[in-house]
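Colleague: I have just opened this entry and would welcome a short tour. Could we begin with the charged side chains?

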Amino acid sequence: MKTPSGRAPARPRRDIPAGPAPDAARLREAALAHLARFGTTEAGLRRVLQRRVDRWARRAEGEGQLAETIAPAAAQAKQAAVEVAQALAKAGAVDDEAFAAARARRLNQAGRSRRAIAAHLAVKGVPAATAAGLLEETDELAAALGHLRRRRAGPFAAEQPPAPEARLKALGALARAGFPRDLAERALDMDPEDATDRLLAARRG
């Protein structure tokens with residue numbers, strides 16, 4: 001039977017039973033599927049797996065399973081998630097430093113300040129010591145120039161030299177993005193040709 005639009009009616013959704021809590025084998029399978037699609041850190045993978053356990057617990061509760069049964073099963077599954085993430089890190093399937101280096105490089109080239117990159121890496125679970133070493137290698141002047149280029153400001157503005165109010169606006173935007181005042185002013189004061197050359201050199205590595 002078809003609906004007035006000519007399409008067959010959607011089949012009623014069947015919720016998948018919660019079943020038992022995820023064990024180490026199921027969590028490892030889920031971890032490998034996630035790693036096949038996304039880069040992450042050990043801490044990030046652990047969070048992904050533990051959220052999977054939380055979703056199981058909510059389904060189990062919705063089905064009417066007893067809370068006194070769900071809680072210890074979820075706790076055991078979350079510990080298994082920790083161990084699975086640790087094992088994959090030891091096997092090299094998860095590499096915090098490689099993830100952080102790639103992400104820091106991409107964000108630097110996208111015009112993100114060191115402060116913004118550090119905050120991003122912290123959220124992703126990159127250890128502070130690892131992040132600090134990588135941030136020292138980023139070209140923050142090139143990042144500020146990339147930030148200005150996307151906004152057609154500073155050396156990349158159509159009007160050269162930019163009007164004082166345009167410069168002040170660009171300076172404020174750089175400050176909000178986490179760039180230090182002295183570096184922001186240095187980027188704004190660069191000759192357009194020199195600024196372009198600096199960006200190209202940074203992107204070539």
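**Charges, contacts and distances**

Modeller: This is a predicted model.

Colleague: Which residue forms a salt bridge with Lys78?

Modeller: Asp54 does, and the closest N and O atoms of the two are 2.8 Å apart. The pair connects distant parts of the chain, since Asp54 belongs to helix H2 and Lys78 to helix H3 (residues 67-90), 24 residues apart.

Colleague: And Asp54, is that buried or partly exposed?

Modeller: Asp54 is partly exposed, its relative accessible area being 29%.

Colleague: How many salt bridges are there in total?

Modeller: The count comes to four. Another one of them joins the side chains of Arg198 and Asp139, at 3.1 Å from N to O. This pair also links distant parts of the chain: Arg198 sits in helix H10 and Asp139 in the loop between H6 and H7, 59 residues apart.

Colleague: How accessible are Arg198 and Asp139?

Modeller: Arg198 counts as partly exposed at 28% relative accessibility. Asp139 is partly exposed as well, with a relative accessible area of 22%.

Colleague: What about Arg181, which side chain does it meet in a salt bridge?

Modeller: Arg181 meets Glu185, with 2.8 Å between N and O. Both lie in helix H9 (residues 181-188), and because they are four residues apart there, about one helical turn separates them. Arg181 counts as exposed at 56% relative accessibility, whereas Glu185 counts as partly exposed at 26%.

Colleague: Moving on to surface patches, which residues form the positive one?

Modeller: The positive surface patch consists of Arg26, Arg47, Arg51, Arg52, Arg55, Arg58, Arg59 and Lys124.

Colleague: Which helix gives the most to that patch?

Modeller: Helix H2 (residues 42-62) does, with six residues. Arg51 is found in helix H2, and its relative accessible area of 45% makes it partly exposed.

Colleague: And which residues gather in the patch of negative charge?

Modeller: Asp95, Glu97, Glu136 and Glu137 gather there, on the surface. Glu137 is located in the loop between helix H6 (128-135) and helix H7 (140-150).

Colleague: Why does Glu137 count as exposed?

Modeller: Glu137 counts as exposed because its relative accessibility is 65%, and the cut-off for exposed is over 50%.

Colleague: Let us turn to Ala195. Is it buried or exposed?

Modeller: Ala195 is buried, with a relative accessible area of 0%. It is found in helix H10 (residues 192-204).

Colleague: What is Ala195 in contact with, leaving aside neighbours within four places in sequence?

Modeller: With that exclusion, Ala195 is in contact with Leu145, Pro155, Phe156 and Met190. As for Leu148, the C-alpha atoms of Ala195 and Leu148 are 10.0 Å apart in space, while the two residues are 47 apart in sequence.

Colleague: And where is His120 found?

Modeller: His120 is in helix H5 (residues 114-123). It is buried, at a relative accessible area of 19%, where the cut-off for buried is under 20%. Neighbours within four places in sequence aside, His120 is in contact with Arg103 and Leu107.

Methods:
Residues are numbered from 1 along each chain as its sequence is written. This is a predicted model: local features need pLDDT of at least 70, side-chain atom pairs count only at pLDDT 80 or more; totals for chains, interfaces and linings use all residues. Side-chain values use heavy atoms; hydrogens and water are left out. Patches are made of residues with over 30% relative accessible area and no salt bridge: like charges are joined within 9 Å, nonpolar side chains (Val, Leu, Ile, Met, Phe, Trp, Tyr) within 5 Å. Accessible areas come from the Shrake-Rupley method with a 1.4 Å probe; for residues, only the protein chains shown count as cover. Lys and Arg count as positive and Asp and Glu as negative; His and the chain ends are not counted. The place of a charge is taken as NZ of Lys, CZ of Arg, CG of Asp or CD of Glu. Helices (H or I, at least four residues) and strands (E, at least two) are DSSP runs, numbered from the N terminus. Buried means under 20% relative accessible area, exposed over 50%, partly exposed in between (1.4 Å probe, protein chains only). Contact means heavy atoms within 4.5 Å.
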